[in-house]
Amino acid sequence: MELINNFLLLLDSYLGSAVYFPFILLGVGLFFTLYLGFPQIRFFKHAWKVVTGKFDRKGAKGDTSHFQALSTALSGTVGTGNIGGVALAIFLGGPAALFWMWITAFLGMTTKFVEVTLSHKYRVQTEDGTMAGGPMYYMDRRLNMKWLAVIFAVATIISSFGTGNMPQINNIAQSMEMSFGIDRMLTGGVLAILLAMVIIGGIHRIAAVTSKIVPIMGLLYIVGALSVILFNFDQIGPSFAAIFSDAFTGSAATGGFLGATFAYAFNRGVNRGLFSNEAGQGSAPIAHASARTDEPVSEGMVSILEPFIDTIVICTLTGLVILSSGVWSEKHENIFSRTDLEVVAGQYDDATDADRQALYHYLNSTAESTIEKYTGTIVVQNGEPVSDGYTLLHARSVAEDVKFIVAGEDPYTGTLRVDEGKIVKEDITIVGESLVHSAALTSLAFSQGYFGANGEYIVPISLLLFAFSTAIAWSYYGDRAVVYLVGQRGVMPYRILYVTGFFVASFADTTLVWTMSYVAIVLMTLPNLLGIILLRREMKDTVKTYWRHFDAEKAKKKSD
């Protein structure tokens, strides 16, 4: 399994983690923004009118209302990325990462408008009477590139497990266990039953559930976030100042945070932005294809709101909670993760300017770095290290008050071998003070508001709602991909496998699934971006036709 995981990581280094990928993603969004004349601004007001049903027509084909389609798509995008993903982006790239998430969302509003319009235009009605759409249909029916459509559909099925299913329940189960002491298998079992009850009912039940969950979870999270932001009102200005000042120069060192280069902040911000709002990935168009309308552009209008709500509103709230509370640059006591832990040669103190500079170059892998990984031994007596000549780094910060523990709570005494920066002994727990990241960082930030320590419970509850709704939406994406590949006969076996995987992942290691997902996301995104670029002229003509018909109908109503 480790060999497969390493191969997938290598493959990802040439795909999603490659230098070119963020530029392609942003480049396509920028191209269509200019080519279509900033539709995310010009059509924004109109989009709100469409989603409220103001322009609905009786007899239009489809399975869901505009609002239900938007809710289903939002439930797929508003997930762990909005809670832990933003915290991880700030942890890795500093405040500047949030700026690049905004840019990704702004350009992504146009990308989503294009992909949803084209996917809705070439949707089909399946043998059971429901609609099926998505990039695979325009790739096949319009571009005559069935091979590309098959790649996209297969990648969608893999992503449904690797993005929307297994990591989501794994995060929920961990959060419920840490916050409330609920057994992971129990959490997985209960939610798997609920998931089955929803998705077996198809798009009608999925839309009915998500259209209720999304507003509730959004309101809960917004209230919780504002309780922190307003409590730390005096830090709102400095937070925005840090976001913009660091955006083009690299993130400055603050507190325990040792800073990040411009490239680091840019890459983390763009990639987390895509993971959050999925603009360009081609997943949301599958949900929007179910909307009741004979005007594909009208549903494209609705999709403009999606990155705005997901990233510019919800991710910004998360970012401001983290930045205004100050916890992102402070060290906190925690159990060290081996993946975030490394030992470097020499003794460094991040309170010393010279050491901070040296650590900055090391952590950002710059040419000026002179620090090397430590190989040797660590002598530990009664849980505390007594030898020197090395420094423990955890979560990109110098670890403090480090304790080595065995058998749950007994202090360790002995010698630990370190090979190329990694402590070899596995059956030992290491605790101490360091920076934290992901959902743990967001939880800490939510405790710094009007709700006090109780505020941290907002995160696991929100995580439960966000992640569960994401699992519901992605089941539909995989469902439609299966319909495209093998027809209706493959839907029920897929749903059974989806629910089974959801349960198992509540207590199993999902590392391999996550790695597969990284590759699958790119195998969805690149074909989708290629397809919409090839159909750029048709897209422009389709938009012009929509407005011509809209203006004609408006003039007719006035004359009547």
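How many cavities of 30 Å³ or more does the count come to by this rule? The count comes to two cavities, where a cavity is a set of points on a 1 Å grid over the protein atoms alone at which a 1.4 Å probe fits but cannot get out.

## Basis of the model

This is a predicted model, in which local features need pLDDT of at least 70 and side-chain atom pairs count only at pLDDT 80 or more, while totals for chains, interfaces and linings use all residues. Residues are numbered from 1 along each chain as its sequence is written, and side-chain values use heavy atoms, with hydrogens and water left out.

## The second largest cavity

The second largest cavity holds about 40 Å³ of space, a volume being the space filled by probe spheres set on grid points that are joined across faces, edges and corners. Its lining, meaning residues with an atom within 4 Å of a point, consists of L25, L26, G29, T104, L107, G108, T111 and A279.

Two or more of these residues come from each of α2 (20–35) and α7 (96–121), and α7 gives the most, with four residues. Helices here are DSSP runs of H or I with at least four residues, and strands are runs of E with at least two, both numbered from the N terminus. By class, the lining divides into four nonpolar, four polar and no charged residues; Ala, Val, Leu, Ile, Met, Phe, Trp, Tyr, Cys and Pro count as nonpolar, Asp, Glu, Lys and Arg as charged, and the others, Gly among them, as polar.

## The second largest pocket

Of its 22 lining residues, H46, F55, Y546, F550 and E553 are the closest to its centre.

Both α4 (44–51) and α22 (536–559) supply at least two residues of this lining, with the largest share, six residues, coming from α22. The lining of this pocket has twelve charged residues, alongside five nonpolar and five polar ones.

## Strand pairing

Four strands form an open sheet in the order β6-β5-β11-β12, with antiparallel pairing, and its edge strands, β6 (384–385) and β12 (422–423), each pair on one side only. Two strands pair if DSSP finds at least two bridges between them. Strand β5 (residues 376–381) is joined to β6 by two bridges, and Q381 has E384 as its bridge partner in β6.

Elsewhere, four bridges join β3 to the antiparallel strand β13 (residues 429–434), where G432 is the bridge partner of N334.

Terms used:
1 Å grid on protein atoms, 1.4 Å probe; cavity = no way out; pocket = protein on both sides within 12 Å on 5 of 7 lines; lining within 4 Å.
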